[in-house]
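Please keep the viewer open while you read.

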Amino acid sequence: MNKKNFLRIIAAILCVCLIVPAVLSAGAAEPNGYNTAADENGCYTNCKGSCEHAPTIVIHGIGQSTTYLADENGSPVYDSKGDMITGWPLYIDAEYAIKELVFPLILSLFCQKDMGLSEKAKEVVPELFKWITFDENGDSVYNIVVKNYPYSVARCSEEEKKEIYDHVPLQAYSQAAGQDHLYYFAYNSFGNNMEICAELHDFIEQVKIETGHDKVNIVPISLGGTIMNGLLEYYPDTYKDLNRVLYIVPALDGSALVGDLFKGKFNTDPKAIYGYLIPSLTGDKVTGNLINIALRIFPYEVIKGLLDAIVESLIGDVLVNCTTMWSLVPQADFEEARDKWHYNPLDCKVCEEIELYHRAQCNSLKNIQKLVDNGVEVFNIVDYSSPMYCLVPSWNEYNSDGIIHLSSTSMGMDSCLIGQKYPNSYVQKNINKLGGSNCSDPTHNHISPDREIDASTALLPDHSFYFYKQNHESTGSNDVIMLLATALLKDNSIKDVYSDSSFPQFNVGRDGRKIKNLLNEAKSVDQSALTAEQASILNKAIANAEAYLADTVVSEGKEAEVKAQLENALVAVGYREPPEDKTAYNKLGEALEKFNDLLNKTMGYQGFTD
């Protein structure tokens, strides 16, 4: 087996494991229509807080801000090749990893047993990921700083605006409320939860001063949900500052994927190793099955030992003192994970902070209910029916959005496993984890059309929107979700899931960004050079795509049809080459899959020499 490819796969697995998939301040631009200087009260907006739009603060998800190693002057540090050393995106010295692992890898292959490979991996992993390590005080070992946006989007440079909108495409909200009413709270995804919460608390006060408003909207996304957990726990009077809170796929009870990893559990089932794990990660039958076959040149115990060593070192040496990662450990997994790493809150500061966050996590629903009781309008956007990455043993024990299990993102909702359904005789429970119900009318139907979920058991059934077969990582590309978010944030007209038929409680996921990009390409075609037939083909595809995007009630399966029509039209008018014929490649993938299945049936899920 090619050693470099093997190491790349290991690196890919590590990166997926981390999905769970100071400031560098550019000079502020002078945007048209916005104040570039504050008044005597520190306010930048023309409305001085009198307009109908409360300012909005986005708390992003994991990896949606850049962190980098800084020198004593706060300037970025670069390696010998001129590349910036970053905490995120992960800076990995692949040459070092190959150099260190190649000899024990070859020796283990030759001897058909672990000849120091797993032990060497335990040495290599901490070095590879050292830039995201923390000490026992919860402080970064290295001077890693965050690229912040400490002002409204209106005062950002064009480059900064592009970065923000690439992560969270809320341009429609900016157009409605004004870019001076949108803020992006950047933080270190591999950082200190309590410190981040303190920074957010201060940031809210700053936004109130700069906009003149006395209340703000908060949008916690994914990992941002854990930051919101901490904010509400550590600063219990926060509700006084809030107009609306819009959660989007929040990790309120962590992620079962991360919980397993912190318990030291990776999916090393032989059926996974030699069957579905690698093909599911590569998304390619040819590559996945070739790797599966090649893995058999090592005994199973060597592969298992290597993967166990990587996970053990990744958690125990790299992430064990990172409180933002601990915040992704679900309540049900916390004690086992804590005991595995011998954490006692009396031992060190970081141990105490981990316990404090665990309390915030346990109180999450109570604290959200407190917001509601104090007049704060709270909404939730949830993805479901997308299989969890099969990296951990419990991957198929939950309904999920691919990264976070559904009961976490939905505020405690009950559900079936993906593909299963509640029977027709099932009656919704109308009671949540706090023992009550926030449904305004017990006759409401909160069972999804696919019958996979009973939304009546969520904390906020009348205020939660669900997207079927929507993947966590592509949530930002779902234009309907972004339009819904805009509608909920720009004013207070939408009060619940029944307020606007354009945004029903149950919808279907889609990737509108791909369709929009194709549509823009189609619209850019110079039709004066086309034949009448070509123009007709192109305009029909454009009209169909525009009608599809205009309909916010999504039909399952329609996206692929619209995408194919646009691509075919672009080929027909000569603006794209015909797609590569992958018939032979697909047949090769099927043949390799059959051959790998045959190996599994005849020799079992094991190495050749086992």
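## A partly exposed tyrosine

Tyrosine 575 counts as partly exposed, at 39% relative accessibility. The model you are looking at is predicted. You will find tyrosine 575 in the loop between helix H20 (558-572) and helix H21 (583-603). Setting aside neighbours within four places in sequence, tyrosine 575 is in contact with Glu521, Val525, Asp526 and Leu570.

## Into helix H21

Follow the chain into helix H21 and you can pick out asparagine 600. Is asparagine 600 buried or exposed? With a relative accessible area of 7%, asparagine 600 is buried, because the cut-off for that word is under 20%. Not counting residues up to four places away in sequence, asparagine 600 touches Tyr274, Arg296 and Tyr605.

## An enclosed helix

How many of the eleven residues of helix H7 are buried? Eleven of the eleven are, so helix H7 (residues 224-234) is largely enclosed by the rest of the structure. The buried residues of H7 include Gly224, Gly225 and Gly230, together with Thr226, Asn229 and Glu233. Ile227, Met228, Leu231, Leu232 and Tyr234 are also among them.

What do these buried residues pack against? Their partners include three strands, namely S1 (56-59), S6 (216-220) and S7 (242-248). Helix H6 (193-211), helix H14 (349-362) and helix H15 (364-373) also pack against the buried residues of H7.

Glutamate 195 is partly exposed, with a relative accessible area of 38%. On the surface, Glu195 gathers with Asp139, Glu199 and Asp202 in a patch of negative charge.

## Salt bridges

The structure holds 34 salt bridges. Here are three of them, with the N to O separation for each pair.

| Salt bridge | N to O separation |
|---|---|
| Glutamate 95 and lysine 81 | 2.9 Å |
| Glutamate 561 and lysine 558 | 3.1 Å |
| Lysine 147 and glutamate 159 | 4.0 Å |

Start with the salt bridge between glutamate 95 and lysine 81. This pair links distant parts of the chain, 14 residues apart: glutamate 95 is in helix H2 (residues 94-111), and lysine 81 is in the loop between strand S2 (67-69) and strand S3 (86-88). Glutamate 95 counts as exposed at 53% relative accessibility, and lysine 81 counts as exposed too, at 58%.

Next comes the salt bridge between lysine 147 and glutamate 159. Lysine 147 lies in the loop between strand S4 (144-146) and helix H4 (158-167) while glutamate 159 lies in helix H4, so the pair ties together parts that are twelve residues apart in sequence. Lysine 147 is buried, with a relative accessible area of 11%, whereas glutamate 159 is exposed, with a relative accessible area of 52%.

The pair of glutamate 561 and lysine 558 sits within helix H20. Because these two are three residues apart in that helix, about one helical turn separates them. Glutamate 561 is partly exposed, with a relative accessible area of 45%, and lysine 558 is partly exposed as well, with a relative accessible area of 26%.

There is also a network to look for: salt bridges link Asp260, Lys263, Lys265, Asp333 and Glu336.

## Backbone details

Which two residues are joined by a cis peptide bond? They are tryptophan 88 and proline 89, with omega at about 0°. Proline 89 has its place in the loop between S3 and H2.

Lysine 48 has a positive phi of about 55° although it is not a glycine. Lysine 48 lies in the loop between helix H1 (3-17) and S1, and it is partly exposed, with a relative accessible area of 42%. Serine 385, which is not a glycine either, has a positive phi of about 65°. The place of serine 385 is in the loop between strand S8 (377-384) and helix H16 (406-409). Serine 385 is buried, with a relative accessible area of 6%.

Key:
Residues are numbered from 1 along each chain as its sequence is written. This is a predicted model: local features need pLDDT of at least 70, side-chain atom pairs count only at pLDDT 80 or more; totals for chains, interfaces and linings use all residues. Side-chain values use heavy atoms; hydrogens and water are left out. Buried means under 20% relative accessible area, exposed over 50%, partly exposed in between (1.4 Å probe, protein chains only). Helices (H or I, at least four residues) and strands (E, at least two) are DSSP runs, numbered from the N terminus. Contact means heavy atoms within 4.5 Å. Patches are made of residues with over 30% relative accessible area and no salt bridge: like charges are joined within 9 Å, nonpolar side chains (Val, Leu, Ile, Met, Phe, Trp, Tyr) within 5 Å. Accessible areas come from the Shrake-Rupley method with a 1.4 Å probe; for residues, only the protein chains shown count as cover. A salt bridge is a side-chain nitrogen of Lys or Arg within 4 Å of a carboxyl oxygen of Asp or Glu. Lys and Arg count as positive and Asp and Glu as negative; His and the chain ends are not counted. The place of a charge is taken as NZ of Lys, CZ of Arg, CG of Asp or CD of Glu.
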